[in-house]
Amino acid sequence: MLGGAQIVGNDQTSDQLIRSQIGLSIGDVVSGRKLAQARSNLYGTGAFSVVDIDALPQADQTGGSGTDVAVTLAVRVRETPPFELRYGGFYDTERGMGGIADFLIRNVLGGARTGG
């Protein structure tokens, strides 16, 4: 049973976005499948290069049933670099030499938006 979440490693990304992508609320049953889905959701935003989620038993276990154990999610993330510049050159027999450049901005305004 989820008792809370501690999030570390997010400098630009809002805690609210991370909590929404985890998809679990306080009192929900926590399973390995749900944690795997939460990791997948966080990676899917494109805002993180590393996502680690651990379920840690809470110290105070009073008031619950014998089978339910309250856990706190320890969520550790590493954000992707905010800027990326890709470039290259080419040669075409009809058009000759040319170049191409692409500039990408990730995690715009902390909401995992991408612009380029």
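Setting aside its neighbours within four places in sequence, Gln-21 is in contact with Ala-38, Asn-41, Leu-42 and Thr-45, where contact means heavy atoms within 4.5 Å. Gln-21 belongs to helix 1, residues 15-22. Gln-21 counts as partly exposed because its relative accessibility is 22%; buried means under 20% relative accessible area, exposed over 50%, and partly exposed in between, with a 1.4 Å probe and protein chains only. Gln-37 sits 16 residues away from Gln-21 in sequence, with 9.1 Å between their C-alpha atoms.

A few words on where these values come from. This is a predicted model, in which local features need pLDDT of at least 70, side-chain atom pairs count only at pLDDT 80 or more, and totals for chains, interfaces and linings use all residues. Residues are numbered from 1 along each chain as its sequence is written, and side-chain values use heavy atoms, with hydrogens and water left out.

Now to the whole protein. It has 2 helices and 6 strands, in the order β-α-α-β-β-β-β-β from the N terminus. Here helices (H or I, at least four residues) and strands (E, at least two) are DSSP runs, numbered from the N terminus.

Let us follow the chain to its later strands. Two strands pair if DSSP finds at least two bridges between them, and the table shows two such pairings.

| Strands | Sense | Bridges | A facing pair |
|---|---|---|---|
| Strand 4 (residues 83-92) and strand 5 (residues 96-108) | antiparallel | 10 bridges | Phe-83 and Ile-105 |

What about the overall shape? The radius of gyration of the protein is 20 Å, whereas a compact globule of 116 residues would have one near 13 Å. That radius is taken over C-alpha atoms, and the globule rule is 2.2 Å times the number of residues to the power 0.38. Along its principal axes, the C-alpha trace spans about 75 × 25 × 15 Å.

Of the 116 residues, 28% are buried. Among contacts with a separation of 6 or more, 48% are between residues 24 or more positions apart.

Finally, the charges: the protein carries 10 positive and 12 negative side chains, and the centres of the two sets lie 2 Å apart. Lys and Arg count as positive and Asp and Glu as negative, while His and the chain ends are not counted. Each charge is placed at NZ of Lys, CZ of Arg, CG of Asp or CD of Glu.
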